Amino acid sequence: MPEDVEMNDSQTPSAATTGAAGAAPPPVQSTLHNLKEIASLIEAGSLSKDVRRISRAVRLTIALRRRLAAQDVAAFLDFALPQSSDAFSVLSDLLPKEDGNEMDVDTAAPAPQISIKHGLPEIEIYSYLLVLIFLIDHKKYVEAKACASASIARLKNLNRRTVDVLASRLYSYYSYVHELTNTLAEIRGTLLALHRMATLHHDELGQETLLNLLLRNYLHYNLYDQAENLGQKLHVSKHIPINRYLFYLGKIRTIQLEYTDAKESLLQAARKAPTSARGFRIQCNKWAIIVRLLLGEIPERTVFMRQGMKAALMPYFELTNAVRVGDLELFRSVADKFSGTFSADRTSNLIVRLRHNVIRTGLRNISISYSRISLADIANKLRLDSENPVADAET
C-alpha cells in the first residue's frame with residue numbers, strides 16, 4: 001500500500017476550497033483498488049523473489065477481509081486472471097451470483113490505473129486464497145471445500161519459494177474448512193502427502209504448517225499415540241516459529257502423564273505466541289493451569305488477571321481456589337457449574353484427575369491444623385485427669 005504524502009499548495013488542485021480547516025482528507029480507496037494494489041505487491045515480490053512482500057500482501061488481505069463483497073472478488077478475478085484460464089473458470093463458478101451489497105466504489109477521485117502481468121503463479125494462488133477466505137467468511141462451506149481442493153491440486157504442480165507463504169495459508173484454510181464440516185479424517189492422507197512434498201521442495205514454512213495441521217488432526221480424534229509418533233519422526237526447523245507445535249506437544253505430554261515436560265512446552269508456547277493471538281494464548285494458559293495443578297502447584301493470582309484473559313480464565317480461577325483449599329464439595333460444584341466450558345476446552349478428563357489432588361490437599365490441611373494444636377490443648381480437650389496430662393497426651 002502506498003504511503004500517504006503531504007501535499008503542498010501547488011500540488012492541491014483546489015486549495016482555495018479547503019477553507020480554514022486545512023487540506024481536505026484523501027479519498028477512501030475502494031476495496032477493489034486495495035485488492036489491485038495487493039496484487040501489484042505480489043507481482044513485485046514474485047519478480048524480485050522477495051518473500052517479505054508476499055507476506056505483507058497476505059497480512060493486508062487479512063485486514064481487508066471484512067470489507068470483501070462478492071462483486072469485489074469477481075471484479076478482481078476479471079482483473080487478475082485471464083478469462084480463458086482454468087483458475088478463472090473454477091473460481092468464478094464458486095462465487096455467489098447474487099449479492100445484495102453494492103460494490104464499494106471510490107467516487108471522490110479516480111483511482112490511478114494499476115496493471116499486472118498475467119500468468120504469474122503467485123497471482124493465481126492468491127486468487128484461490130482470496131476466494132477461499134471469502135467463502136469461509138460467508139459460510140459457503142460446500143463451495144469453500146471445492147475451492148480448497150482445487151487450490152491444493154494446483155499447488156502440487158508448483159515449486160517456488162515465493163509461493164510458499166501463500167501455500168501455507170491455503171493449507172491452514174483447507175484444514176479449517178474441513179474442521180468446520182467435521183470431515184478432518186478425510187484429508188489426513190492428503191496432509192501427509194503435502195508434507196512429503198514440502199520436505200522434498202525444502203519448504204520449511206510448509207513443513208511446519210502441515211506438521212501442526214496433522215497434529216491437530218490427530219488430537220481432534222484423540223489419537224495421541226499417532227500424534228506422538230508423528231512428532232518424533234518429523235523434523236521441526238529451529239528457524240521458524242513453533243509455538244503451535246509446542247502447544248500440541250504440551251497437550252500430548254499432559255495426556256501421557258508427563259506433566260513436567262508438558263508444563264514447559266505449554267508455557268513456552270504462550271511466551272512465543274504473538275500478542276495479537278489472544279485466543280491461542282488463552283488456550284495455552286488454560287492447559288498450563290491444569291498441568292500446574294496436577295503437579296501440585298498453585299498458579300499465582302496474576303496469571304488469571306492478565307489483560308484480555310480474565311473472563312476466559314474465570315472458570316479455571318474458581319477451580320484453582322477449590323484445589324487450593326482442598327474442598328471436595330466446592331470442587332464438584334465448580335466442575336458442574338463450568339462443565340460446558342471444560343468440555344469445549346477438552347479438559348474435562350484432566351479435571352477428573354484433579355480430584356485426587358483436592359483430597360490430598362484437604363488431608364494436608366487437616367494434618368497441618370492438628371500439628372499446630374499443643375499437647376496441653378489436646379489433654380484439655382480429652383479431659384485427661386491424670387497427674388501429668390501432657391505426658392499422657394504425648395503417649
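Author: One definition comes before the questions: buried means under 20% relative accessible area, exposed over 50%, and partly exposed in between, with a 1.4 Å probe and protein chains only. The model is predicted, so local features need pLDDT of at least 70 and side-chain atom pairs count only at pLDDT 80 or more, while totals for chains, interfaces and linings use all residues. Residues are numbered from 1 along each chain as its sequence is written, and side-chain values use heavy atoms, with hydrogens and water left out.

Reader: Is Lys139 buried or exposed?

Author: Lys139 sits in the loop between H5 and H6; helices here are DSSP runs (H or I, at least four residues) and strands likewise (E, at least two), numbered from the N terminus. Its phi is near 60 degrees, a positive value in a residue other than glycine. Because its relative accessible area is 63%, Lys139 is exposed.

Reader: How does Leu257 count by relative accessibility?

Author: Leu257 is in the loop between H11 and helix H12 (259-272). Phi of Leu257 is positive, near 70 degrees, and the residue is not glycine. With 53% relative accessibility, Leu257 counts as exposed.

Reader: Which residues does Leu132 touch, not counting residues up to four places away in sequence?

Author: Leu132 belongs to helix H5 (residues 121-137) and is buried, with a relative accessible area of 0%. Its C-alpha atom is 7.6 Å from that of Tyr173, 41 residues apart along the chain. Taking contact as heavy atoms within 4.5 Å, the residues touched by Leu132 are Ala144, Cys147, Ala148, Leu170, Tyr173 and Tyr174.

Reader: How many of the residues of H7 are buried?

Author: Helix H7 (residues 161-180) reaches 30 Å from its first C-alpha to its last, close to the 28 Å expected, where the expected span is 1.5 Å times one less than the number of residues. After H7 comes Asn182, with a positive phi near 55 degrees. H7 is mostly covered, and of its 20 residues the buried ones number 14.

Reader: At what angle do H6 and H7 pack?

Author: Two packed helices are described by the angle between their axes and the distance between the axes. The axes are lines fitted to C-alpha atoms, for helices over the stretch in contact, and angles run from 0 to 180 degrees between N-to-C directions. For helix H6 (residues 141-155) and H7 the axes are 9 Å apart, and the angle is about 145 degrees.

Reader: What is the angle between the planes of Phe247 and Phe280?

Author: Rings of Phe, Tyr and Trp (its six-membered ring) pair if their centres lie within 6.5 Å; planes under 30 degrees apart count as stacked, over 60 as edge-to-face and the rest as tilted. Phe247 lies in helix H11 (residues 243-255) and Phe280 in helix H13 (residues 278-294), so their pair ties together parts 33 residues apart in sequence. Phe247 is buried at 7% relative accessible area, and Phe280 is buried at 8%. The pair is edge-to-face, with 5.5 Å centre to centre and a plane angle of 75 degrees.

Reader: Which residues does Arg324 touch, not counting residues up to four places away in sequence?

Author: Arg324 is part of helix H15 (residues 310-325) and counts as partly exposed at 44% relative accessibility. Its C-alpha atom is separated by 9.7 Å from that of Pro299, 25 residues apart along the chain. The residues that Arg324 touches are Ile298, Thr361 and Asn365.
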